[in-house]
Every structure is written in C-alpha cells, then in structure tokens.
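Hi,

Here's the structure I promised to send over.

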Amino acid sequence: GGSGTMRGLGGLGVLAWALVLQGGWPLPIRGRAGARRARETRGGSGALFQPRLSPGREDLEICSLRTGVPPPWNAPRGLWRAAWRLQEAALPQAHRFDRYLEKSSFVNLPVLWWKAIAGNRRGTPTADGGLAWDLLPPVFRWVVGWPLCWLYPPLHHQNVAIRTAYLDRALDDALEKTAGQAAVVVLGAGFDTRSLRYLARRGEESGLSFSELDLPEVVAQKQRVLDHRLSRRRPGLLSVDRRPRLLGVDLNSHESLAQALSEALGSSHHPEQVVFLCEAVLLYLRPPGRRAEVLKQCVAAARGIPGVERVTFVFADRLPGVAERDRDAPRAFGANVTSMDRTERGQSSVGVDAGDSGMASGRSAPFWARFDSEEERARSFWSSVSPALELQDWLPKPGLACHMGIATGKLEAQQQPQTSSTTSASSTEWERVSPSNKGPKDT
C-alpha cells in the first residue's frame, strides 16, 4: 500500500515538474525574420511561449481580455502531447485507491483536475474556493492544491479556465433576464461544480433549480463523491435546496433525452425561463447531426412547460458546420444517420438529419455553411434550431470546444404541452427526423 502511494505521488510529481521544467521559460525565435513571422502568423511578440494564434484565430487576445483569464501558451505541439501523456500516466495512480471516482475513457476526470487547478488560484476569475479540489481523492489532490497550483503552466487547463469564466458570466447574464423562477439544465455536466456554486450562492432565493444530465455511470460516480466525500469535507453545503438534480441519460438517444428533460423540467416549480448550458458536450455526439437535434429537443421540452416565457442556451462547445475547418467535411453530417438505409425509406437524397439539411436540394453541406464568417454561420444555425432563438453574444476560442456564446429568445405566450414521443416534431422539411433514430452510445 505504501509503495503504491509513493508511486502515485511520484507520477503526479513527474506531471507537475516535467511541465514546469520543459515549459517554464520562453525561448526566443531566432532572428528578426522569425520574430516577424511569429507576429504575422500567431500574433505573438516573437517568444515561443506566447498565445497560440493560428491564422484566422487572432481573436484569442480578445477572448482573454473579455474573460480576464490569460491565454494558453503558444507551446510546441510536442509539449502539449507530452503534457497529455504525463497526465494519462498519472491519473490512474492518483485514483488507484479511490472508491468514488474511476479512471475511465471519458474526459470528465481530467477536466475535474484542470478545474481544480484553476479553482485553487485565488484572486482569479475561476477561483471557486477549492470546491472542485474537494472532489478529488485525499493525499494526491495536494499536487494541485494551493500554492502548488501556480506551478502548472497554462496548457490544457487554461483552455478550460477560459470557458469556465465565460460560462459563469454568461449564466449570470441569462439569469438576470427573469426576476422570477428559472430552471437551469446542464447537458453533459460531468463532475462540474457550477450548480453547487450557484445553489450555494443563491440557495436562499426561491425559484432557481439545477438539473444535470450525463451518462448513468458518470451520474453514479458524481452522486457517490457528493454523498461520501463532499458532504464530509463541506457539511451543510448539500442541503436539500442546494442539491442539483442528477439524471442519467444517453444524449444520443431521442427517447432517453426526452424522458430526462421531462423529469428535469417537471420537477421545477413554474419556471419563467429555462436555461440550457452546454460545455464541451455536443462535439462528442454521434452522428454530428444529432447535435442540432438535441438542441431542438430542448427547445420543444421548454415550450411544453406552461408559463415558460424564455429559453436560453449558454454554450462553450462546437457547433456543427460553423467552424471554418468543418465547412469542408459535410458528409460527416449525414453519415450513419440511421440504422436503416435512406433508399429503403424512399427518401433517397432528401436530408433527414438535423445537420444534413443542405443535401435536400443537392448541396452537400448544411445551408448555414455558405456564410463567410463563423458568427454569421452560428447566427443562422441557432435560428434553424428555432426561429425564436437569436445569437445574443459570440466569442470564439481555441481548442475543440471553440464556440462560446448565448442564444436566447422569447417563446409564444400560448404553450401547448407536448408528450415525450413528440418533443422533436418539426414543421419544416429540414427538421424531419424519425423519433426512433438513435446514434451510437459513445458520449
């Protein structure tokens, strides 16, 4: 037991110090030409470890200024890969004796450690008083505790810190729109602690509820760590009015999501607004067209709740067909839409997938891909999800979850409740999807 503990500590120590030693000092690019090339292509000042500004993504500085979070390093790709491999080697050691959190193929666990690093940095926009840190196993968590959290250079965890700071501010803005009750539904919540923070801060205020949706195995782990670890370290935090509702769901399944949304919104007491929060979850749905269908199911579920006046999406994710690199891969949107061949249903080339709308008229890309800028594509995408939705804020960022923003809109005054079997019903040809169509269960 003792030798295993030492090996685990050694593995995490290697993770911390290797990152610091390999990336702790900016290395200048040789010559004036190298410095000029760095400024032109990456927006840097000539130093190697400057923000990674790829061509066309010079908005990273704006993103950093708006969130108050420094940008990640412009480190060589090899260093990013090395940091990932070191982390992959260290996490199994850190959780070897953990009875509540398991090392799995999902990225929820690494993200929890990254948020613990950012959360322990006092005085920063992402400081959470050590709440995420309190979900981590004993002994091993001290390698990301204060002040050791400052030893980690801004790599993977810095991207997560940027979107954490943005989502917090965006959610505050969304909740200010309705003085009455609001229901927040977090899609793919993982081990995030945002709902705990907000319920602890607003717990005495009636009308705010949080529901978290994720895979059943992830929900089971989070429930265990809340009941057995956080309740011991922070007694009183998890009172009845400060607990989020945890619901297991397969977002790739139409029926599973419909049932979970019904439970989440049915438990809320007459909300005036429903806020859906998406943080790096849509990009894992398969097929990619399922991403838009999930969002439309959410709108339909909110519309079916009497009294709901507004629906809002707060997101830091990857919208289908919006990123510049995604415009030239349209076939991915129509691949594996159903287990039944289209010709067997007599639909031939008619687009049946939410992301495959353009194929109905012979095009091979979703119709919003024709716009020149990502913001225009995003605006058109949200209006296609629901005509009521307007893109209120837009802020692209580096990383896979490269789109951050707020899409919101007022719903009709007269609400007609819908059953779960018809929550994705649509009146336009673009939105026709069979309720029995399911993607693979690999969120």
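This is a predicted model: local features need pLDDT of at least 70, side-chain atom pairs count only at pLDDT 80 or more; totals for chains, interfaces and linings use all residues.

Residues are numbered from 1 along each chain as its sequence is written, and side-chain values use heavy atoms, leaving out hydrogens and water.

Most peptide bonds are trans, and most residues other than glycine have a negative phi. Trp 146 and Pro 147 are joined by a cis bond, with omega about 5 degrees. Pro 147 sits in the loop between α5 (108-119) and α6 (helices are DSSP runs of H or I, at least four residues, and strands are runs of E, at least two, numbered from the N terminus). That loop also holds Val 139, a non-glycine with a positive phi of about 70 degrees.

The loop between β4 (273-279) and α10 (290-303) contains Pro 287, and the peptide bond from Arg 286 to Pro 287 is cis too, with omega near -5 degrees. Ala 280 lies in the loop between β4 and α10; its phi is positive, about 50 degrees, though it isn't a glycine.

How exposed is Val 139? Its relative accessibility is 43%, so it counts as partly exposed, whereas Ala 280 is buried at 15% (buried is under 20% relative accessible area, exposed over 50%, partly exposed in between, with a 1.4 Å probe and protein chains only). Cys 63 is buried at 0%, and Cys 149 is buried at 0%.

Cheers
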